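Please walk through this model with its confidence, its sulfur bridges and its core in view.

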Amino acid sequence: MAAMMWLPGLLLGILALVGNSEQGCSGEFLYGITFPDYNLETLEDSGSPQECQTSCQANTTCMGWVWVLTTRMCQLKSRMFKPKTARNTVSGKRDACPMSTGGPVDGGWSD
């Protein structure tokens, strides 16, 4: 049963990849999802997921980003493959739309 607790966060992340062209963005921020590998650059002390996304948009080779709440670290990505669940992370494509209601940064897990 405990192994299934990650499923809602993963499903939320996968379903959020659907675009929202009315806002000029595509997809949504993915809460509790990370993308390992393909790091272009790691930025220390990034203040928010939006700040991390802005850094990605300023880098012409950046395709996406991962922001870690606990360390405030921002990882700029050249590719976004093999999503994995990870507590305290927010990720997104370069032009992702922030969720209007926000989401659980820990993927909805509780200890």
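**From the chain ends to the core**

Over the protein, mean pLDDT is 80, and 68% of the residues reach 70 or more.

Some ground rules apply. This is a predicted model, where local features need pLDDT of at least 70, side-chain atom pairs count only at pLDDT 80 or more, and totals for chains, interfaces and linings use all residues. Residues are numbered from 1 along each chain as its sequence is written, and side-chain values use heavy atoms, with hydrogens and water left out.

How many disulfides are there? The count is three, taking a disulfide as a pair of cysteine sulfur atoms within 2.5 Å. With the bonded cysteines numbered in sequence order, the pairing reads 1-6, 2-5, 3-4.

Take Cys25 and Cys97 to begin. Their S to S distance is 1.7 Å. The torsion about this S-S bond is about 105 degrees, so the disulfide is right-handed. Cys25 sits in the loop between α1 (7-15) and β1 (30-34), while Cys97 sits in the segment after β5 (84-93), 72 residues apart. Helices (H or I, at least four residues) and strands (E, at least two) are DSSP runs, numbered from the N terminus. Both Cys25 and Cys97 are buried. Buried means under 20% relative accessible area, exposed over 50%, and partly exposed in between (1.4 Å probe, protein chains only).

Next come Cys52 and Cys74, with sulfur atoms 2.0 Å apart. The S-S torsion of Cys52 and Cys74 is about 80 degrees, so this disulfide is right-handed. It ties helix α2, through Cys52, to strand β4, through Cys74, across 22 residues. Cys52 is buried at a relative accessible area of 0%. Cys74 is buried at 0% as well.

Cys56 and Cys62 form another disulfide, their sulfur atoms 2.1 Å apart. Is it left-handed or right-handed? The torsion about the S-S bond of Cys56 and Cys62 is about -105 degrees, so it is left-handed. Cys56 is buried at 0% relative accessible area, and Cys62 counts as buried at 0%.

Five of the five residues of β4 are buried. Met73, Gln75 and Lys77 lie on one side, Cys74 and Leu76 on the other. Strand β2 (residues 39-43) pairs with β4 in the antiparallel sense over four bridges, where pairing requires that DSSP finds at least two bridges between two strands. Here Leu43 stands opposite Cys74. β3 and β4 also pair in the antiparallel sense, over five bridges. On that side, Trp67 is the bridge partner of Cys74. The hairpin of β3 and β4 has four residues between the strands, and Arg72 in it takes a positive phi near 60 degrees.

Finally, the core. A nonpolar core is a set of buried Ala, Val, Leu, Ile, Met, Phe, Trp, Tyr and Cys residues joined through side-chain atoms within 4.5 Å. The largest has 13 residues, and Phe29, Trp65, Trp67, Cys74, Leu76 and Val90 touch the most other members. α2 (49-57), β3 (64-68) and β4 (73-77) each supply at least two residues of this core. Another core, of five residues, lies apart from it and includes Leu30, Ile33, Phe35 and Val66.

Notes. pLDDT is the predictor's confidence in each residue, from 0 to 100.
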